[in-house]
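Subject: Structure handover

Hello,

Here is the structure for your set-up work. My notes follow below it.

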Amino acid sequence: MQEYSGPDEDLVALLKRDILDTSPGVTWGEIAGLHEAKRVLEEATVLPLIMPDFFRGIRRPVRGVLMFGPPGTGKTLLAKAVATEAHTSFFHVSSATLASKYRGESERMVRCLFDMARAYAPSIIFIDEIDALCTTRGATGEHEASRRVKSELLMQIDGCFGHDVEPGQHVMVLAATNFPWDIDEALRRRLEKRIYIPLPELEARKELMRINFKEVEVAADVEWEELARQMESYSGDDITNVCRDAAFNGMRRRTAGKTLEQIRNMRAAAVQTPVLMDDLVQALARISPSVSKADIAKHEAWKSEFGSV
Ligand SMILES: Nc1ncnc2c1ncn2[C@@H]1O[C@H](COP(=O)(O)OP(=O)(O)O)[C@@H](O)[C@H]1O
Ligand SMILES: [Mg+2]
């Protein structure tokens with residue numbers, strides 16, 4: 001990758017350090033379910049790079065992709081997998097960063113970000129929690145600043161799609177949000193593909209447990225099907241928390257009533273016991289689903305109005 005140094009050296013250095021994510025290392029295989037989302041993301045991000053000549057004219061690559069859905073369903077994870085699988089330069093920026101970290105410099109930062117992305121093209125700019133850029137909470141001054149950042153962003157997205165962009169050398173925006181209804185029409189229009197990332201289905205819930213216990217011994221009495229059924233309406237993040245809690249439970253049993261000194265003298269092997277069905281049942285009782293039915297309904301309504309898959 002060639003070195004880029006723009007007119008704004010300090011900002012370039014900052015962006016490189018904070019944002020240019022060269023290898024997050026997440027693969028499609030570590031993400032349970034979401035087959036349709038993976039397919040669409042692949043079509044929008046990976047294929048245009050492999051066969052740039054096909055993606056011309058009416059088949060031009062999309063300018064932007066929005067992933068929306070309740071929290072903890074794998075949106076950030078999917079973006080990281082795109083970074084790994086697409087072999088592009090990948091800029092990972094949260095909109096909280098854009099909006100606040102470099103107060104007063106936000107527009108300059110957006111410009112610099114896109115400038116760098118073009119220099120390193122093909123690139124993907126991932127803006128996580130993009131809703132934070134659009135909401136208008138806080139003082140009027142803040143509101144004005146966020147309006148300016150947003151119009152700079154719109155301008156930059158449009159600028160990435162002139163006629164002079166070489167096939168295979170494009171810059172694409174990938175965005176994620178838990179609050180799609182906060183995104184206004186102008187920005188929504190540029191995020192042409194809008195993919196719903198729902199709560200995991202039964203099969204995905206089983207797969208998630210398998211992924212989580214990949215490196216942990218599990219007792220033969222664990223009834224995966226039964227657990228997966230009981231975790232209906234749990235998000236991927238909730239399920240991961242249940243698994244983590246269950247995985248600690250054996251250690252808790254082994255160390256109960258012992259002093260720290262005694263525990264220190266125990267061998268790792270003595271603390272390690274396979275995860276039992278009972279550990280999982282207890283964890284399940286402790287951890288409730290974090291997403292409300294009302295939230296799901298809101299997402300589904302937005303999907304039927306604005307979703308694109
Ligand atoms: N489909 C999934 N496959 C594997 N892990 C998942 C999945 N969905 C959620 N997780 C777990 O939940 C955590 C949070 O997911 P994240 O991608 O940050 O959610 P979001 O960005 O949608 O709020 C992940 O680090 C992972 O442990
Ligand atoms: Mg996220």
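D8 is partly exposed, because its relative accessibility is 22%. The cut-offs: buried is under 20% relative accessible area, exposed is over 50%, and partly exposed is in between, with a 1.4 Å probe and protein chains only. D8 sits in the segment before helix 1 (9-18). Helices (H or I, at least four residues) and strands (E, at least two) are DSSP runs, numbered from the N terminus. Leaving out residues up to four places away in sequence, D8 touches R108 and C112; contact means heavy atoms within 4.5 Å. D8 and M109 are 101 residues apart in sequence, yet 9.4 Å apart in space, C-alpha to C-alpha.

A word on conventions. This is a predicted model, where local features need pLDDT of at least 70, side-chain atom pairs count only at pLDDT 80 or more, and totals for chains, interfaces and linings use all residues. Residues are numbered from 1 along each chain as its sequence is written, chains are lettered from A and ligands numbered from 1 in the order in which they are written, and side-chain values use heavy atoms, with hydrogens and water left out.

Two strands pair if DSSP finds at least two bridges between them. Strand 1 (residues 64-68) and strand 4 (residues 171-177) run parallel and are joined by 5 bridges. In that pairing, M67 stands opposite A176.

Next, the cores. A nonpolar core is a set of buried Ala, Val, Leu, Ile, Met, Phe, Trp, Tyr and Cys residues joined through side-chain atoms within 4.5 Å. The largest has 42 residues; F91, F114, I125, I130, L153 and L187 touch the most other members. Helix 5 (residues 106-119) gives the largest share, 7 residues. A second, separate core has 26 residues, including A86, I124, L174 and I197.

F91 belongs to strand 2. F91 counts as buried because its relative accessible area is 0%. I19 is 72 residues from F91 in sequence and 5.3 Å away, C-alpha to C-alpha. Beyond four places in sequence, the contacts of F91 include I19, L20, L113 and M116. By the same rule, L187 touches I130, C134, L153, L154 and I157.

Last, ligand 1. Which residues come nearest to ligand 1? They are A32, G72, K75, T76 and L77, out of 15 around ligand 1; near means a heavy atom within 4 Å. Polar contacts are pairs of N or O atoms within 3.5 Å; within protein, one must be able to donate a hydrogen and the other to accept it, and residues adjacent in sequence count only if both atoms are side-chain atoms. A polar side-chain atom of K75 is 2.7 Å from a ligand 1 oxygen atom. For a polar backbone atom of T73, the distance to an oxygen atom of ligand 1 is 3.2 Å. For a polar side-chain atom of D237, it is 3.4 Å.

Best wishes
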